[in-house]
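Trainee: Can we go through this one together? I'd like to start with how the elements are assigned and then move on to the side chains.

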Amino acid sequence: VVIAVLFFGIHGCPRPGIPSRNGAKQVIAAANVEPGDVSALDFVVQGDRLHLVWLYAAGDHRGYIKSKTVWYSRCDLKTNSWMKPIVLATDADGPPRIAALSDTLHVLVPHDLRHFVSGDSGSTWSKSTPLLVPNGFLATEAELVPDGDSLVAVYMSRTRRDEFELGPNTLFVTTWAHETLGSVQSLYESSVFPIPFGMTPRLAISGGVRHVYLAITHRLPSYSTGTLCHWMTSPADGYRWSRPDSSEWPSEIYRPANESSVYEYGATAVGQQSAAFAAKHGLHVITWTGQDPDRQSRIIATVPEWYFAAELATSSIEPAVWGNGGQLVWIDTRYGRSDKTPLNPLGGFPWSDAPDWGNNDVFAIPIGGALGRDRDAKLMRLTRDLSYTTCMRAHANEAGVYVVWAGWARYTRKGDFRDSPPSMWYTKLPLH
């Protein structure tokens, strides 16, 4: 026993967490039978059908990537029956986005914002006008939202000045309607500030008012600083976006107290109010009305302090709102199991001091609780113990909040779980 303790230590056990919510259903897809990674997905619900697109990177846990393709499938929510998946696009690089405009489905594929359209509920697809700005070059992050009879896309891209020179990273908003590309407006150019990075836009539309959010991080000589910015426009403005003076920040809604970066965030409009959720040692929520917030933040759903806890990793922050209801959904590692030995006399030996596990969970809390309106709101865990989620999306409609995520049912420390094909799951949550 003494020898075993010396060489292997006394190992910890799985950390207790709130019970997992039952009811998640696995996506039945005949594609992706070889090992790989679902690195991004999106979906839209039309009536009793859920339309799903995902980015699949074939490869193994050693990091070798063979190809990246965008797949599509749909589900009959009454019977949980899935159509055979089809390939929409190859050579993709970035999260695909899907939206429904009347009875037509639209899919946007980075990096060139290829645009696919289906008028028969996803049975057949055709190419339409790309939504990338003319002379645009690469757009790896984009959001796509319907507004009346138009589609609105927001993305970061660079334009070609000539054969050899590219312009600065620019935040663009593009509209598409009646089978033609509409207006293209630029909201922000990164050349105003030193070497920005980590820019991922968000788009929300509520009551005809369009909101764009952008997290910007600037690497300065001795440190990095970040801010979360906001633009808005409405029919009364003729949908002309207010553009800030080039010498000033855009409308700044959040800056961490320690001047650090904003890497993960979500933002949306709840009625007449805007709300942003930023990950920084917990989730910070910032709410405001109109263009300028009061910049007051508070922390919600904080992570319990565990002496042997791995560093919290938060991602995929998705506020899914319908009217005044909805859910805030995200991924984090608060219930990650650690196999690091609490008591290890010979700590430091590779065979006796293994690294922490990296499993994570998908969590949800009613939007009223996230905004502090409902003190009785309960935190929900949607995934099982020791599972691993790579990506997640959440959307709301009048029927409730739908959540779809991808990953593996069981995480293994060696990483060999990635040698098996990933799975996808979906569930439905109440609006309140």
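This is a predicted model: local features need pLDDT of at least 70, side-chain atom pairs count only at pLDDT 80 or more; totals for chains, interfaces and linings use all residues.

Trainee: Where does Thr-200 sit, then?
Mentor: Thr-200 is in the loop between β16 (196-197) and β17 (201-206).

Trainee: And what does Thr-200 touch?
Mentor: Leaving out residues up to four places away in sequence, Thr-200 is in contact with Glu-141, Tyr-213, Leu-214, Ala-215 and Tyr-265.

Trainee: Switching to charges. How many salt bridges turn up in the whole structure?
Mentor: A search of the whole structure gives ten. One of them pairs Asp-42 with Arg-393, N to O at 3.1 Å. That pair connects distant parts of the chain, since Asp-42 belongs to strand β2 (residues 36-46) and Arg-393 to strand β29 (residues 388-397), 351 residues apart.

Trainee: Are Asp-42 and Arg-393 buried or exposed?
Mentor: Both Asp-42 and Arg-393 are buried.

Trainee: What about Arg-97, which residue does it bridge to?
Mentor: Arg-97 pairs with Glu-143, and their closest N and O atoms are 3.6 Å apart. This pair also links distant parts of the chain: Arg-97 is in strand β7 (residues 97-101) and Glu-143 in strand β12 (residues 142-147), 46 residues apart.

Trainee: Why does Arg-97 count as buried?
Mentor: Arg-97 counts as buried because its relative accessibility is 7%, and the cut-off is under 20%. Glu-143 is also at 7%, so it counts as buried.

Trainee: Now Asp-385. Which residue is its partner, and how close are the atoms?
Mentor: Asp-385 bridges to Arg-381, with the closest N and O atoms 2.9 Å apart. Asp-385 counts as exposed because its relative accessibility is 51%. Arg-381 has 4%, so it counts as buried. Elsewhere, bridges with shared partners join Asp-42, Arg-97, Glu-143, Glu-318 and Arg-393 into one network.

Trainee: Is Gln-327 buried or exposed?
Mentor: Gln-327 is buried, with a relative accessible area of 0%.

Trainee: On to the backbone. Which residues are joined by a cis peptide bond?
Mentor: Pro-110 and His-111, with omega at about 20 degrees. His-111 lies in the loop between β8 (104-109) and β9 (114-118).

Trainee: What about positive phi, which residues should I look at?
Mentor: Look at Asn-80, where phi is about 55 degrees although the residue is not a glycine. Asn-80 lies in the loop between β4 (65-76) and β5 (81-82). Leu-386 is not a glycine either, and its phi is positive at about 65 degrees.

Trainee: Where is Leu-386?
Mentor: Leu-386 is in the loop between β28 (380-381) and β29. With a relative accessible area of 9%, Leu-386 is buried.

How values were computed. Residues are numbered from 1 along each chain as its sequence is written. Side-chain values use heavy atoms; hydrogens and water are left out. A salt bridge is a side-chain nitrogen of Lys or Arg within 4 Å of a carboxyl oxygen of Asp or Glu. Helices (H or I, at least four residues) and strands (E, at least two) are DSSP runs, numbered from the N terminus. Buried means under 20% relative accessible area, exposed over 50%, partly exposed in between (1.4 Å probe, protein chains only). Contact means heavy atoms within 4.5 Å.
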